[in-house]
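Me: I have a model open and would like to go through it with you. Could you answer a few quick questions as I look around?

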Amino acid sequence: MATTHPIHSALAALDDAPVWLNSEPLAADGLRGRVVLVDFWTYSCVNWLRTLPYVSAWHERYRDRGLVVVGAHAPEFGFEHDLDNVRRAANELGVGYPIVIDNDFTIWRSFENHYWPALYLVDRDGRIRFHHFGEGAYEETERAIQQLLGIDEETVGVDAGGRAEAADWSTLRSPETYVGYARGERRSDRPANRLALNYWALAGEWSVSEEAAVLEAAAGSIAYRFQARDLNLVLAPPAAGAPARFTVLLDGQPPGDAHGLDVDQSGEGTVSEPRMYQLIRQRRAVAERAFEIRFLDPGVRAYVFTFG
């Protein structure tokens, strides 16, 4: 358990939050006497997506036994400031616990937080008693919940699959890679078939902004040489909202049974909303592979590669 310290000011930040989903506004005074799990998230983050089945399971098991889960949505990208996007994502992902919109990072700062995802447990007297940053530590976290609730029983069984399936850490050799210039690195001018591991390249007419690369004309592509079971890419459709078609290639060929959830075996897919797209999920031995995504329509925006 983490060192105990007062957190009245952190929970008090909930009082001024103007927008809630799945709940009437929750206030610090109304939460006294309850154990509160505050989960900082942003909906396109793969690391948070892989924690969601556990947080949801804890909400279901303990909500009638003294636990209140609050998902504080603090946006990483511009499109995650849009309430309609967050509401749609929460519905599609099945986020059933109260969500507070933290677009100005007021609650984030009150917890002195720096990470997505980040989980804090606040006891019945308003003190932080446990925290964890990132994925993992699920049994430890649930044991901390039980201790604060005065419960001693088996932890929940979670069978996470799809986008939420835990990364294959034993084969993962590729890091999160941003495409915008603010945090972009390892971009190469080499052609797609000559990229070194974890280098990437743009082809076509792209403009690169702080957050993203925007395709200015049709027939543009992005290539990446990676090693991981999964390859994901956060994408958004053109600003006008029309869908953008794409084709994915793996080692220059359609992905076949290595296709992700958002493409078919031929590699075809569509960017229809701003979110994370799972493009590759290898079902055989994992090794270095050459990935390419070719866009047929202009205006698509690419933000960050993630892997699993």
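Me: What does Trp48 touch, not counting residues up to four places away in sequence?

Reply: Leaving out residues up to four places away in sequence, Trp48 touches Asp39, Phe40, Trp41, Thr42, Tyr43, Leu93, Val95, Tyr97 and Pro117, where contact means heavy atoms within 4.5 Å. Please keep in mind that this is a predicted model, in which local features need pLDDT of at least 70 and side-chain atom pairs count only at pLDDT 80 or more, while totals for chains, interfaces and linings use all residues. Residues are numbered from 1 along each chain as its sequence is written, and side-chain values use heavy atoms, with hydrogens and water left out.

Me: And which residues touch the most other members in the largest nonpolar core?

Reply: Leu37, Trp48, Trp58, Leu67, Leu121, Ile145 and Tyr303 do, in a core of 43 residues. A nonpolar core is a set of buried Ala, Val, Leu, Ile, Met, Phe, Trp, Tyr and Cys residues joined through side-chain atoms within 4.5 Å, and buried means under 20% relative accessible area, with exposed over 50% and partly exposed in between (1.4 Å probe, protein chains only).

Me: Which helix gives the most to this core?

Reply: That is helix H4, residues 52–62, which contributes six residues; helices (H or I, at least four residues) and strands (E, at least two) are DSSP runs, numbered from the N terminus. Apart from this core lies another one, of 31 residues, with Phe246, Val248, Leu279 and Val300 among them.

Me: Switching to strand S13, how many of its residues are buried?

Reply: Seven of the seven residues of S13 (residues 230–236) are buried, so the strand is largely enclosed by the rest of the structure. In a regular strand the side chains alternate between the two faces of the sheet. Both faces of S13 are covered, with Asp230, Asn232, Val234 and Ala236 buried on one side and Leu231, Leu233 and Leu235 buried on the other.

Me: Which strand does S13 pair with over six bridges?

Reply: S13 pairs with S16 (residues 275–281) in the antiparallel sense over six bridges, and Leu231 has Ile280 as its bridge partner there. Six bridges also join S13 to S18 (residues 301–307), again antiparallel, with Ala302 as the bridge partner of Leu235. Two strands pair if DSSP finds at least two bridges between them.

Me: Where is Ala244?

Reply: Ala244 is in strand S14 (residues 244–250) and counts as buried at 0% relative accessibility. Not counting residues up to four places away in sequence, Ala244 touches Pro238, Gly269, Thr270, Val271, Asp297 and Val300.

Me: Last one: how many helices and strands are there in the protein chain?

Reply: There are seven helices and 18 strands, and 53% of the 308 residues count as buried.
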